[in-house]
Amino acid sequence: MTDPGTSTPTLLRGESLVKTYPDGDVRALRGVTLEISEGEFVAITGPSGCGKSTLLHLMGGLDRPTSGEIAFRGESLNRLDVDRFRAQHLGFVFQSFYLIPTLTASQNVQVPMFEASWPRTERNHRAMRILEEVGLAHRANHLPKRLSVGERQRVAIARALANEPILLLADEPTGNLDSTTQREVLDLLARIRTERRLTMMIVTHSGEVAAAADREIRLKDGLIVQ
Amino acid sequence: MGFLVFITRNLLGRPARTMLTVLGLGVGISAVILLIGVSWGFERSMSAIYSSRGIDIIVVRAGVSDQLSSNLDAGMIDQLRTVPDVVEVAPSLMDAVSFEEANLTSVLANGWEPGGLLIRNLRMIEGRPLEKGDTRAVMLGRVLALNLKKSVSDELVIAGEKFKVIGIFESDSLFESGGLIIPLAELQHMMGREGKVTGFVIITKPEVDPHTVGKAVEAKISGVAAIPSQNYVQNNVQIKLSRAMAGATIGVALMLGSIGLLNTMAMAVTERTGEIGLLRALGWKRKRIIVLLMGEAATLGILGVMVGALMSWIGMRGIMLSPTSRGFIDPKLPPSAFLVGLAMGIGLSVLGGLYPAIRASRLEPTEALRHD
């Protein structure tokens, strides 16, 4: 499958996505269709509660749409082993990092590797290499509480890269950061995208992040408005 | 990082909760190890009374629940000797005496015939065994001599009457080592039971079935029960009681332990709902979440077994500080009691860990992440 506007193949496609939460009968998405091409950097923007995070979660197989379908490289997620899909092809970065407080930076990076069946020594080496890539090799044995907020987000990014994903999904990755750290994290994401030829889909409120993207998808009240 | 490191880190990250859970499990497991150890030691000790002497049959009054309350004519011995296949018969009068100055109650006092089969197989540590013609003479078991701080030639007042210690013996049975032996006639006189015994022991020919001889005894003499020694031990009322107590303790400990572990694991799951959601988001399969949480529960269970084993060892030393306990309780905890403790630890891990683990694995990633 190829994006009609370019010759780049479509990596992920959402078709008529509707998501209704039973608690409170909230319709977070009301029929969204979108395509993400391989190597593309897409920013999802819009006001709070418009369905940005819901859309990201659906596209990443973290949740199922009430109706509609998502396809990865043309194959419906309904027919894929979604756990395996997430473990092998996706990297997630969250606003509140979600580092495991009892594990060191290096151990946190190794957590997704259990599903990729890397041998133990290989897990250690890989974690060190990725931490080096994000400039945190010297903090590898520190617990999250000993790291600055920016360092924690860089560990979370390193963890998202653990299994060599082709798609990085990030939910407000700079939302908890000051402007300097936000800039550093953005630069880091831009660099790893280029070096690893990653496709990125980022939910953001930040105009700076949206400006850095190849394409901005704007949502309002559960619908794409731009 | 290996999977075990992950499990260990999770447990060490919440040290107070881990410690309290392990301690709670340890208390339950130690109670089980101790009671089983005591119960099995009790049975072993009783069995040794008969097995060490090759005794095949015990004859008591029919319908009595334990030998102390049995009452038979000593003269019955002549009839017993005439039963086919009986090789040897010995009478026994059993009673309990107290030595309050040494804080000892219910010390087993055996009235046996000097030179008879019951005395013959005892190992003398000091002095000599009772011989025909001995009067006011007593043999003390090793544990009782230790508790009373008596040695050969010392004087001992038993039930208000003076006796001279002529020997100290060791028996395979702790009951005997914790008791005393005086000539049968002396004990009959002291207890006002002249011409009476509590029972007889019989050795049969090796090739015959004790059940058959027992039936022959019961057919010949009315009002008696002639029970093969193995059955007698198995059906002894005290042994049945101690087994029932051990069984009840295991049940209660299992219930409390599994509720405790269930509570801990359920709390761990609730506290870490976000973390579990993250693991699912990172692609962890449900099965791996179950393995992680069951691994944590199993580690708690194994630590509980280790703490329980240590506590039971210390507990047994504590019990042995009481002189009365020294005469009845075998301080050696059998390895099988520890195996039961281990099985209980594993059982508790499965019981307490499985439900929270399955519940956690069923969480959808977004649902769990929203929890934080």
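User: Into which domains is chain B divided in this predicted model, and which residues belong to domain 2?
Analyst: In this predicted model, chain B is split into two parts called domain 1 and domain 2. Domain 1 is built from two stretches of the chain, 3–46 and 238–371, whereas domain 2 covers residues 63–222.

User: What distance separates the centres of domain 1 of chain B and domain 2 of chain B, and how many residues does the contact take from domain 2?
Analyst: Taken over C-alpha atoms, the centres of these two domains of chain B are separated by 45 Å. Where the domains touch, counting residues whose C-beta atoms lie within 7 Å, domain 1 of chain B contributes 9 residues, and domain 2 of chain B contributes 13 residues.

User: Which element gives the most to the side of chain B that touches chain A?
Analyst: The contact between the chains takes 21 residues from chain A and 20 residues from chain B. On the chain B side, at least two residues each come from α1 (3–12), α11 (273–281) and α15 (365–371). The residues on this side of chain B divide into 9 nonpolar, 6 polar and 5 charged. The element giving the most, with 5 residues, is α11(B).

Definitions and conventions
Residues are numbered from 1 along each chain as its sequence is written. Chains are lettered from A and ligands numbered from 1 in the order in which they are written. This is a predicted model: local features need pLDDT of at least 70, side-chain atom pairs count only at pLDDT 80 or more; totals for chains, interfaces and linings use all residues. Domain bounds come from an automatic or database domain assignment. Two residues are in contact if their C-beta atoms, placed from the backbone, lie within 7 Å. Helices (H or I, at least four residues) and strands (E, at least two) are DSSP runs, numbered from the N terminus. Ala, Val, Leu, Ile, Met, Phe, Trp, Tyr, Cys and Pro count as nonpolar, Asp, Glu, Lys and Arg as charged, and the others, Gly among them, as polar.
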